[in-house]
Amino acid sequence: MTKVLFLFLLLSPYLFGDGHIFVYHRFDDTRYPTTNTSTAELEREFFYLKKNGYKVVPLIDIVTKVKAKEKVPNNWVALTIDDGFKTFYTNGLPIFKKYNYPFTLFIAVEYTEKKYKDYVSWKQLKEIAKYGDVEFHSYGHGHFGQMSDAEIKTDMDKGLALMKKHLNYEPRLFVYPYGEYDARVEKVLEPYNFKAVFNQNIGAIHGECSDEYDLDRSALVGKAPFQLYLKFQELCGVTFQQPTVFPKDKIVKTVEVTLDDKTVTSADVFITNNGWTKVNVNNGKILWHANKKVKLNRIKIGVKVKSKIKLMVLSK
Ligand SMILES: [Zn+2]
């Protein structure tokens with residue numbers, strides 16, 4: 001009996017991961033396959049979480065653990081939805097209600113305020129807020145990396161004032177539009193005193209080493225490998241040293257990363273458009289002359305050591 005229990009624990013999937021935060025966008029909207037999740041897939045994911053002992057917690061519970069520098073339980077999952085598409089209200093929400101799963105919806109306020117037809121109304125948001133949290137994703141969903149400090153501030157103030165006006169709520173949590181940010185953008189947002197800020201990088205939340213102003217969320221859109229994402233752990237003690245700015249010629253020449261763990265001898269390095277490449281690690285140091293061409297205006301660089309993963313983003 002003890003042996004069976006031991007085997008069960010050994011094979012139980014949540015023992016392998018940390019806490020995880022996922023992000024959805026649209027539901028059953030086949031016009032946009034790269035940001036869509038079918039409700040059949042959503043049901044499969046929710047059923048998997050339920051069947052395998054995962055606990056879907058409010059996002060703020062993970063934030064509280066991170067701020068206290070405490071380990072996030074391995075079976076904790078938080079679910080978020082970005083932008084405020086109407087299909088969340090019409091197609092997604094009924095399934096969240098069916099499973100009684102908490103969620104956090106991050107809205108780009110302008111879409112709602114100007115009554116764009118694909119987005120939720122203020123009235124629908126009030127209904128949604130009975131079942132989950134509604135938090136902030138900017139006013140105009142701009143590219144903050146390309147906006148001046150003053151433009152970012154104007155955008156933030158406008159959106160926050162409208163949330164206060166319509167929902168009588170002062171958001172505590174923020175998501176960068178397009179997951180784009182850098183040190184300057186982070187500094188502009190500092191005075192807003194958000195409890196936490198989220199990116200859109202594949203990863204996990206360890207808790208003790210996680211940065212509450214840069215928390216990883218894996219996107220469950222298109223054909224995302226949900227069960228694989230659940231197995232990832234956060235790679236703690238990573239310092240990305242090169243590149244630090246978006247390369248103008250769109251060539252990532254050298255990737256330089258330092259790991260606190262000096263016993264690692266091999267890692268996989270990710271560059272957008274180029275997939276993963278195995279590299280050597282010497283005394284905690286990755287120095288890879290990659291010379292890889294990228295096509296997008298937003299590139300991600302990542303490091304993976306076994307199932308431990310950490311990504312960062314550079315925007316044009
Ligand atoms: Zn967005």
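User: Among the contacts in the protein chain with a separation of 6 or more, what percentage is accounted for by residues 24 or more positions apart?

Analyst: This is a predicted model, in which local features need pLDDT of at least 70 and side-chain atom pairs count only at pLDDT 80 or more, while totals for chains, interfaces and linings use all residues. Residues are numbered from 1 along each chain as its sequence is written. Two residues are in contact if their C-beta atoms, placed from the backbone, lie within 7 Å. Of the contacts with a separation of 6 or more, the share that joins residues 24 or more positions apart is 65%.

User: What radius of gyration does the protein chain have, and what would a compact globule have?

Analyst: The radius of gyration is taken over C-alpha atoms, and the globule rule is 2.2 Å times the number of residues to the power 0.38. For 316 residues a compact globule would have a value near 20 Å, and this agrees with the protein chain, which has 20 Å.

User: Which residues of helix α2 are buried?

Analyst: Helices (H or I, at least four residues) and strands (E, at least two) are DSSP runs, numbered from the N terminus. A residue is buried if 20 or more other C-beta atoms lie within 10 Å of its own, exposed if 12 or fewer, and partly exposed in between, with C-beta atoms placed from the backbone. On the other side of α2, Ala-40, Arg-44, Phe-47 and Lys-51 are exposed. The buried residues of α2 are Leu-42, Glu-45 and Leu-49.

User: Within what arc do the buried residues of α2 fall?

Analyst: An α-helix has 3.6 residues a turn, so residues three or four places apart point the same way. The arc is that of the directions from the helix axis to the C-beta atoms. Seen down the axis of α2, the buried residues line one face of the helix, because they fall within an arc of 65°.

User: Which strands stand at the edges of the open sheet of five strands?

Analyst: Two strands pair if DSSP finds at least two bridges between them. The order in this sheet is β11-β18-β17-β14-β15, with mixed pairing. Each edge strand has a single partner strand, so one side of each is left without a neighbour in the sheet; these strands are β11 (233-234) and β15 (275-280).

User: Which residue in β18 is the bridge partner of Glu-234?

Analyst: β11 and β18 (residues 308-315) run parallel and are joined by two bridges. The partner of Glu-234 in β18 is Ile-309.
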